[in-house]
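Subject: Structure handover

Hello,

Please find the structure below, followed by notes on what was found in it.

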Amino acid sequence: MVAVGLPERAATRRPPARRGRRAAGRVLPLVPAFGLLALFFVGPILWCVYASFTDIALTGAGASSPHLVGLRNYRQMFSDPAFAKSLWLTIVFVFGSAVVGQNVGGLALALLMNGRRRIVRSVVGGIVVGAWVLPELVAGFMWYAFLSDHGTFNALLHAVGLHGKSWLYTSPLLAVTITNVWRGTAFSMLVYSAALSNVPDELLQAAAVDGASAWQRLRHITLPLIRRAMLTNLMTITLQTLAVFTLIFVMTGGGPGTKSQTLPIFMYQEAFKFYHLGYGAALAIVLLGVGALFSLVYLRAMRKEV
Amino acid sequence: MTVASPTAPRRRTAAVAAYAVLVLVGLAFLAPFAWLFLASLSKDAQLNTSIPDHPTLRNFADVLTGDNLHALANSLVLSMGSALLTLLLGAPAAYPLSRYGRRFGRPVLLGLLFATGLPVTAIMVPVYGLFVQLELLDSVPATVLFLTATGLPMAIWMLKNFMDEVPISLEEAAWVDGASGLRALRRIVLPLMVPGTTVVFTFTFALTWGNFFVPFILLIDPGKQPASVAIYQYFGIQGGNTSYGLLAAFSILYSLPVVLLYAVAQRTLGNAFALQGAVKG
Amino acid sequence: MRRKSAFAVTTVMVAAALSACGGSSSDGKTIKVAYQKFGNFIGADELFKKIKPVFEQQNPGYKLKLIPIEADENSYYTKLNLMRRSPNTAPDVAYEDTFFVNSDAQARFLMPLDDNLKSWPDWSQFVDNAKVAGQAADGHTYGIPMGTDTRGLWYNKQIFAKAGLPANWQPKTWNDVLAAARQIKAKVPGVIPLNVYAGKGVGEAASMQGFEMLLYGTGDKLYDDQTKKWVAPSKGMGDSFNFLKTVYSSGLGPTPQQTLDPHWSDNVAGQELPKGKLAIDLDGSWLPQAWIPGGASAWPQWSSTLGTAPMPTQNGQAPGKVTMSGGWLLSLGARTKNASAAWKLVQLAMNKENSLFFYVKATQVSVRKDVVDDPKYVEGNPTQKFWTDLVSVTQYRPAYSVYPQISNQLQAATEAVVTGQGSPQSAMNDLAGQIKQIAGPDKVEGKS
């Protein structure tokens, strides 16, 4: 690592620059990156906002002459029970996969590995990270095969005398959640390993000598010290999990029925299967809103703990 | 409440337990890979996992076509290009965010992170329109630019976290000598951040490598399409046409560069957890 | 300075990008043709590669630019329609599913071909039933059918022998089909007696190979061309749902988890049929594509193991058999600057020789009368004549832009029935409600 110990965070002293040039000097390096983001990100997002108030489509009359329809897309969305269900599935999926699975699993792995032999960390860490770098499409197909009726998982269950079942049929949301945990835990593990390396050993040892149990040390020393890492981790994996599409699409196609149809799948169906771009755009805006809500909750919760 | 000092035997028990759990976790993470490897070696692979009677490398020979290698080369250009450009644009942007106070930095950063949550499929329609307007369609460099934009928020944020780790005292000497902030960045901070930049490079590379929709929409000429698009040749359009053995072999071939890059990055960085600095809170 | 170099690189890249693009906008002498290429479905790609040199030789000064789009169906249309939104990128000739003809005509993506057809001698060789596939509701023809596909029953003769059923099985009514399935269930345990697609997992297969193959054999239809209204509910619709319920609730069909698997249609052709685990399959004419040498699941014995029979109408009412057709259209872009050269390309691609080439490569059923008798047409696929003869009674899906949505609801309704979540009656009523919502209440009529 570059630096050890708790880094000096706030930069109190500044590089020399005369007043006028200073502001320019600070802003200029930001221009290329933020210019690119403004052109390719902000512009299209604003277009999406506009499109969500129209009936623009990829084919049919909406393609040749789209009209402004006011709040029609949003009204349709909120009166559609399929949307409500999809929203609920998305929240369950994000909560189960990101907040619980990836977050807690990543923390547990990081704690387990902390201070273990390098060879074990390298091998186990390598496998976990291997799941992360695999292209999403390949990962989805692998898990589809893994959980299929005659797949590896049921064969393993059978070998130990248990009865398998059609996992993708009976518990599709659970299946895609576990797959996403498999795929995403590496990221959280890396975040927490980094944070843990900054928790001074002396503090923990002193607490142990004072008779604090492992759980107490975790609760009262480690967790407060890695609070910031937890916040960033939760925000990032939440936003990434909200956008998961390919994995679910390959494994279940959102089915059976609509049992694993999260918002990105719902949006894809509306925009690219039924060609209702306007409605699809409205769904995308709502998806952004859900992400913002999650983020606000985290920011609030973390601030209180200070 | 247990009041026990951490005696040696207890510690050893805990360590053994930890190793046992780690091995189990490793095996559990490994299990889903079984189908991929077995299917790639089987001449009539289906979805069930079975050890092939006559393992063969035929599938690999069959997917090593000129077109596929060309597609992999295209992937390399797109991923390498956007990973490099991401560093080139991201580092200067991250520097002021790291150094000049967190007052304006924090909302900007949160905004950036927030943008990473948007599914890229949602904005491809306006982006296509934009590319038509600017006459950038079917241009590899322009596609690299867009891919860079999709990876930049995460990259800037990671780079900023890395820079936070570099003690500011080192730069102060340079400032005394009259060097500007950016010069300090180039001369002092970046050399200390080699692991960080490697990580961001790897991350952006992997992200781009798996991207199907962006190159698919923005590139017209099939000769420019990357491996993430080429993989579709092994799927069936109507019943019964998915060639699972070839799909598995191609998937391995397709995943290999990213895994290799990670392995190389890991070696340069010294240990399996060098990636961790990138994602610090 | 790093910033400057970053700027420089960006500028250079944008400049390079701009200049690289200058040449690709249509310069008037390039004909662009866009088509789908996916998996081993490469018939169109092979066809256009074959005729590219011929076209360029016959039309000096013109270049033919091939734009194969390698993706699944939804991604293909997404990209094709994005390209068509802008005059610079719109292809001159494009290839699309027959049921998009109305919505794409309405979107003004397509050019009417009525005048061109009058002076094209080959048009008289096209089967009348297929000519309507390219016709929109406004009466104009917007596309030339590039072959079609038909649907019917595949059955395993070895399983039939074990069950004591005839090798030359020709059911006359739905009850005949069910009776055979029951006999197989009783005599040959361990096989699925009858597969009828249902549910959202397999997508359009559930609508077209499954439900519509039943509905259009009852005398009722999904859409009435006379009244220009969707028909729901109807007696035939209820009977079709009841048929599905009978198949799935009495153990004659696959299990619901098999049926609802998104890869089930892959499994049917790739595993269940070749491994002798499925006795009767209501499916498409294209299945041998997977089994021929070089196919994804090569199965040399397929033609001796499997027999074919037309799907009977409900009670054997005339014409006694039912089939549905899909297939592809070749059409001209509404904004093409070279309509006459583009039309020449379509004529070339669809002449007798090239049609035959495409039918064979893409396992399509012929829509040209003069191709059917060519020995090359049936070579290597002894069932080809059977599927071609079905064209005489074929029907197409309602080609309206709301069809994909209605089809989606149809799939959901079949899913409710085969899983037992809803009765046939409630599934039909729900479906009728959904169709009213999608098409508008004034565009729907009930017939029960």
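Where in chain C does Pro319(C) lie? Pro319(C) is in the loop between β11 and β12 of chain C. Helices (H or I, at least four residues) and strands (E, at least two) are DSSP runs, numbered from the N terminus.

Before the rest, some notes on the source. This is a predicted model, in which local features need pLDDT of at least 70, side-chain atom pairs count only at pLDDT 80 or more, and totals for chains, interfaces and linings use all residues. Residues are numbered from 1 along each chain as its sequence is written, while chains are lettered from A and ligands numbered from 1 in the order in which they are written.

Cis peptide bonds

The bond that joins Ala318(C) and Pro319(C) is cis, with omega about 0°. Another cis peptide bond runs from Ala232(C) to Pro233(C), where omega is near -5°. Pro233(C) is found in strand β8 (residues 229-234) of chain C.

A sheet in chain C

Three strands of chain C form an open sheet in the order β11-β12-β14, and the pairing is mixed. Because β11 (311-312) and β14 (394-396) of chain C are at the edges with a single partner strand each, one side of each has no neighbour in the sheet. Two strands pair if DSSP finds at least two bridges between them. β12 (residues 321-325) and β14 of chain C are parallel and share three bridges. Ser325(C) has Tyr396(C), in β14(C), as its bridge partner.

Positive phi angles

Tyr275(A) is not a glycine, yet its phi is positive, near 65°. Tyr275(A) sits in the loop between α15 (263-273) and α16 (277-304) of chain A. Thr363(C), also a residue other than glycine, has a positive phi near 45°. Its loop lies between α16 (352-361) and α17 (375-378) of chain C.

Are these two residues buried or exposed? A residue is buried if 20 or more other C-beta atoms lie within 10 Å of its own, exposed if 12 or fewer, and partly exposed in between, with C-beta atoms placed from the backbone. Tyr275(A) counts as buried because it has 26 C-beta neighbours inside 10 Å. Thr363(C) has 23 inside 10 Å, so Thr363(C) counts as buried too.

Domains of chain C

Chain C is assigned domain 1 (26-146 + 327-385) and domain 2 (151-325 + 399-447); such bounds come from an automatic or database domain assignment. Their centres, taken over C-alpha atoms, are 29 Å apart.

Regards
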